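Let us read a protein model step by step.

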Amino acid sequence: MKKEDIFAIQQLLATPKKIAIIPHRSPDGDAMGSTLALYHFLLKGQHEPVVIAPNDFPNFLAWLPGSETVQIYETHKEHCSHLLREAELVFLLDFNALHRTGEMEHVLNKLTAPMIMIDHHQKPDGFATYTYSDTSFGSTCEMLYHFISYLDQKALIDKTIASCIYTGIVTDSGSFRFPSTTGTTHRIVADLIDLGIQNSEIHNLLFDNNSYNRLQLLGRALQNMKVLPEYKTTYITLSQKDLDEFHYEKGDTEGVVNYGLTIKGIHFAAIFIEHRDENIIKISFRSQGSFDVNQFARDHFGGGGHINAAGGKSTESMTATIRKFEHLLTTITI
């Protein structure tokens, strides 16, 4: 971060304020971990923080300390809009374009309070008053650890804050296996463990707390997987019927797209999930190597993310969406 930005933020936080903290729509472990870590940090500074999520978060994140205080815009629009208008300062974590907040974008666009963005995705929009953006980091939670250090407040990181930060690091790093995991990442995690986090227990809560229906849905997804070795690609489809059959809950398809990359010779994997209530096909892309799924998602499916992990959507039918995807494979080099 720029020294002048750090100083300005220190001045903003020098006196107690009403502060709104915003993750992106359909928040994942990094979004919830970073926002709740910041929430607990700001409480220690005598501020009045509130996390306002555009929509609900998955059940496997409900154990996070402070999750019960999170306000959900989608279900309490009037109340959340009031909280946003009252805020004297707004933090936006783990996203860099306001459209990532869905309907909340209309309210956020009208706010006059200073905005601070902390994010690791590519090509940030220039809406924030202060921007801490760095695509070399594997998670926003790792950036938040540095952000607190820049403010000379590292001593305030306790077990609660550390547990939230660890959640974002472990989920966005693929349990430390993605290329963005560095020696610094591990040194930060060592600090968090020294603060008393139960890293093994957190891992179990995140990844080993499956329902029977979730495992059945995973089985269906793997059955639906199509392998295209000539394009070094696999993709999975899940229809609304599939979701309904196994009583889908938010978060049940988290990480399923990664299974495609475990196949020898595959460098590009995708999953297409039908959501009739939103009239869209939600898409996740993953790659290994140099193929840029961020640019692919931006160019063709109205999305974006990272070089090796991105998302998008389609308003066409599943059949039309897959037809488009398969045609695109003939035009690119993987």
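The dialogue goes from the whole chain to single residues.

Q: What should I know before I start?
A: This is a predicted model: local features need pLDDT of at least 70, side-chain atom pairs count only at pLDDT 80 or more, and totals for chains, interfaces and linings use all residues. Residues are numbered from 1 along each chain as its sequence is written, and side-chain values use heavy atoms, with hydrogens and water left out.

Q: How many helices and strands does the chain have?
A: Helices (H or I, at least four residues) and strands (E, at least two) are DSSP runs, numbered from the N terminus. The chain has twelve helices and twelve strands. Its radius of gyration is 20 Å, close to the 20 Å that the globule rule gives for 334 residues, so the chain is as compact as a globular protein of that length. That radius is taken over C-alpha atoms, and the rule is 2.2 Å times the number of residues to the power 0.38.

Q: What share of the residues is buried?
A: Buried means under 20% relative accessible area, exposed over 50%, partly exposed in between (1.4 Å probe, protein chains only). Buried residues make up 51% of the 334 residues in the chain.

Q: Which residues of helix 1 are buried?
A: In helix 1 (residues 3–12), they are D5, I6, A8, I9 and L12. Seen down the helix axis, they fall within an arc of 165 degrees, so they line one face. The arc is that of the directions from the axis to the C-beta atoms. The face turned away carries the exposed residues K3, E4 and F7.

Q: What do the buried residues of helix 1 pack against?
A: Contact means heavy atoms within 4.5 Å. The partners are strand 4 (89–93), strand 5 (115–119), strand 6 (130–133) and helix 5 (140–150).

Q: Which residues touch the most other members of the largest nonpolar core?
A: A nonpolar core is a set of buried Ala, Val, Leu, Ile, Met, Phe, Trp, Tyr and Cys residues joined through side-chain atoms within 4.5 Å. Among the 51 residues of the largest one, they are F91, I118 and L192. Leaving aside residues up to four places away in sequence, F91 touches several residues, including I19, L38, I116 and F147. A second, separate core of 21 residues includes L98 and L108.

Q: Where does N279 lie?
A: N279 is in the loop between strand 9 (268–275) and strand 10 (280–287). Its phi is positive, about 55 degrees, although N279 is not a glycine. N279 is exposed, with a relative accessible area of 60%.
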